[in-house]
Amino acid sequence: MNAIIAGFTALFSDPISLALLFFGIFFGIVFGCIPGLTATLGVALMIPFTFTMTPIQGLTLLVAIYVGGISGGLITATLINIPGTPSSIFTCYDGYPMAKSGKPGQALAIGVFASLIGGTFSAVALFAIAPQLAKVSLIFGNWEYFAVAFLGLMVVVTMSSNDFLKGLIGALIGLIVGCIGLDAVSGVSRLTFGAWQLQSGLQSTALMMGLFAIREIFNQSRDLGKPKMKIHLGKISFLPPLSEMKDCLKPLTLGCLIGTGIGILPGIGQNASTLISYNQAKAMSKHPEKFGHGSAEGICASEVSNNAVNGGALIPLITLGIPGDLTTAALIGGLMIQGLQPGPLLFTQNIDIVGTIMVSYFLANIVMYVMELGLMNIFVKAVNVKFSILFPAIVMFCVLGVFALNNRTFDIWILIVTGILAYILDQLGVDMAPIILGFILGPLIEKYYRMGMISENGNFAMILQHPIAVVCLIISLLFVFVPLFSKKIRQKKIGLNI
């Protein structure tokens, strides 16, 4: 309660923070509804601009962009069958058929309402679970942090890519990139090749923008010559039609629980959550045959789970310093640029910051609901902006934002080179999620493993005296080996059938 009260006090005592909340929602929805411009990109793009803000203002802005960006993806998914964000892909299955049947306003109202429910539920979970998890995390030692970070990385490797080998390659690339600079334990320079600019490692903001912004611009630029479909929309209702919502209680409840639970698990994110929620809702529905043909249940299952992940993903971020999804991985940069270290000490040393994150996330979901439906026609116009105008503006913001942090052109080269390499890896089918989370979690895994080994005089078996660490390692191994064995069993069955 102290954190919540401190958050409300900090937020409402600063009019600029409230203005940034509204701006962040608007900016996030615009980025979410334009295919290719994701919530992660929106957060990464604005991190440099928060350098001149207070921590309260900067984090309020970034959290608002996060909420707006994740929800905004449903607009194009519903209207033109192209998800604005990857996590809205299952909204296409039922949102677009409903819009095509002459009910675009109803489909959008249902989707935004489900976003509100999912976001609000996970906000309540954030209020309730985060303080308790922070208390538990205070008993964490080196082995516990090592095991939790390792679990997060293994989950991402196995679930973010259809090809385990490519997911592993992405994680290894991230681990290697995270090793650049001074070793956190011994202080030895690693992989700098004599370049003094690399002593402090690669700047995370430049790396993020290269992996997401520059790579995506390269991808989308291939379609610049193609004609762009214009979208026109009529009046939007602020409430979803009750006739369509009568069977939606079950998918809404399922999506809230699954989305929040998956958000709490480090590194999984919205894609897995929406997949599980949609399939479960279809399996438990009285009318599964309607799924894929404009079912309100399908829209609810996808969007409620999609947005419920947000609050769940913030829980491990502020309590353990480990991101719950890709966008909260970018949010770590927003905390560190303000000189803040995410983790249990936030609750004791910066309770107003923790409260601000909680309260701004809760309020952002309410503002998102009103703004997204009230200004829907404006957001549709943003979708119609030509990429030939939009992309140069994004590149300009990326270059200015990266340069402004340290006033050195070397960071711009990092932005360009990582963008080109990310585009090449993307064409080879390597997912970006293992790379960025390998970059973030790799140094944590190495640091806590080595500190644990030093404290136990090199005896790794001492980890068996730490039950939490052992459980996390067992789960990590299950995530790796169960899919491999199940794949071999399926191949043998197919061989026998042939």
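Is Thr192 buried or exposed? I looked this up before anything else, bearing in mind that the model is predicted. Thr192 has a relative accessibility of 9%, and buried means under 20%, so Thr192 counts as buried.

**Entry: around Thr192**

I placed Thr192 in the loop between β2 (189–190) and α9. Leaving aside residues up to four places away in sequence, I found that Thr192 touches Gly181, Leu198 and Gln199.

**Entry: the whole protein**

I noted 21 helices and 2 strands in the secondary structure. The protein has 498 residues, and buried ones make up 56% of them. I then looked at contacts between residues at least 6 apart in sequence, and 79% of these join residues at least 24 apart. The protein exposes about 21,000 Å², and 70% of that area is supplied by carbon and sulfur atoms.

**Entry: helix α14**

How many residues of helix α14 are buried? I looked along residues 326–336 and noted 9 of the 11 as buried, so the helix is mostly covered. Among them are Thr327, Thr328, Ala329 and Ala330. The list goes on to include Gly333, Gly334 and Leu335.

**Entry: nonpolar cores**

In soluble globular proteins, nonpolar side chains tend to be buried together. I turned to the cores with this in mind. The largest nonpolar core holds 125 residues, and the members that touch the most others are Ile25, Ile75, Ile318 and Ile436. I followed Ile436 and found that it touches Leu207, Met208, Leu211, Phe212 and Leu326, not counting residues up to four places away in sequence. There is also a second, separate core of 12 residues, which includes Met98, Ala107, Leu252 and Cys300.

Which residues make the nonpolar surface patch of about 750 Å²? I listed Phe218, Trp413, Ile416, Val417, Ile420, Leu421, Ile424 and Leu428. Helix α19 (residues 410–427) gives the largest share of the patch, with 6 residues. Phe218 sits in helix α9 (residues 204–221). I checked its cover as well: Phe218 has a relative accessible area of 35% and is partly exposed.

**Entry: aromatic pairs**

With ring centres required to lie within 6.5 Å, the count comes to 12 aromatic pairs. I took Trp143 and Phe460 as one case: the ring centres are 5.5 Å apart and the planes stand at 80°, so the pair is edge-to-face. Trp143 lies in helix α7 (residues 142–159), while Phe460 lies in the loop between α20 (432–455) and α21 (467–497), so the pair ties together parts that are 317 residues apart in sequence.

Which of these two residues is buried, and which is partly exposed? Trp143 is buried, with a relative accessible area of 2%. Phe460 counts as partly exposed, at 37% relative accessibility.

Phe460 also forms an aromatic pair with Tyr449, and I noted this pair as tilted, with 6.1 Å from centre to centre and 50° between the planes. Tyr449 lies in helix α20 and Phe460 in the loop between α20 and α21, so this pair ties together parts that are 11 residues apart in sequence. Tyr449 is partly exposed, with a relative accessible area of 31%.

I ended with the cluster that ring pairs form here: they link Trp143, Phe146, Phe150, Tyr449 and Phe460.

Definitions and conventions
Residues are numbered from 1 along each chain as its sequence is written. Side-chain values use heavy atoms; hydrogens and water are left out. Rings of Phe, Tyr and Trp (its six-membered ring) pair if their centres lie within 6.5 Å; planes under 30 degrees apart count as stacked, over 60 as edge-to-face and the rest as tilted. Helices (H or I, at least four residues) and strands (E, at least two) are DSSP runs, numbered from the N terminus. Buried means under 20% relative accessible area, exposed over 50%, partly exposed in between (1.4 Å probe, protein chains only). Contact means heavy atoms within 4.5 Å. Accessible areas come from the Shrake-Rupley method with a 1.4 Å probe; for residues, only the protein chains shown count as cover. Patches are made of residues with over 30% relative accessible area and no salt bridge: like charges are joined within 9 Å, nonpolar side chains (Val, Leu, Ile, Met, Phe, Trp, Tyr) within 5 Å. A salt bridge is a side-chain nitrogen of Lys or Arg within 4 Å of a carboxyl oxygen of Asp or Glu. A nonpolar core is a set of buried Ala, Val, Leu, Ile, Met, Phe, Trp, Tyr and Cys residues joined through side-chain atoms within 4.5 Å.
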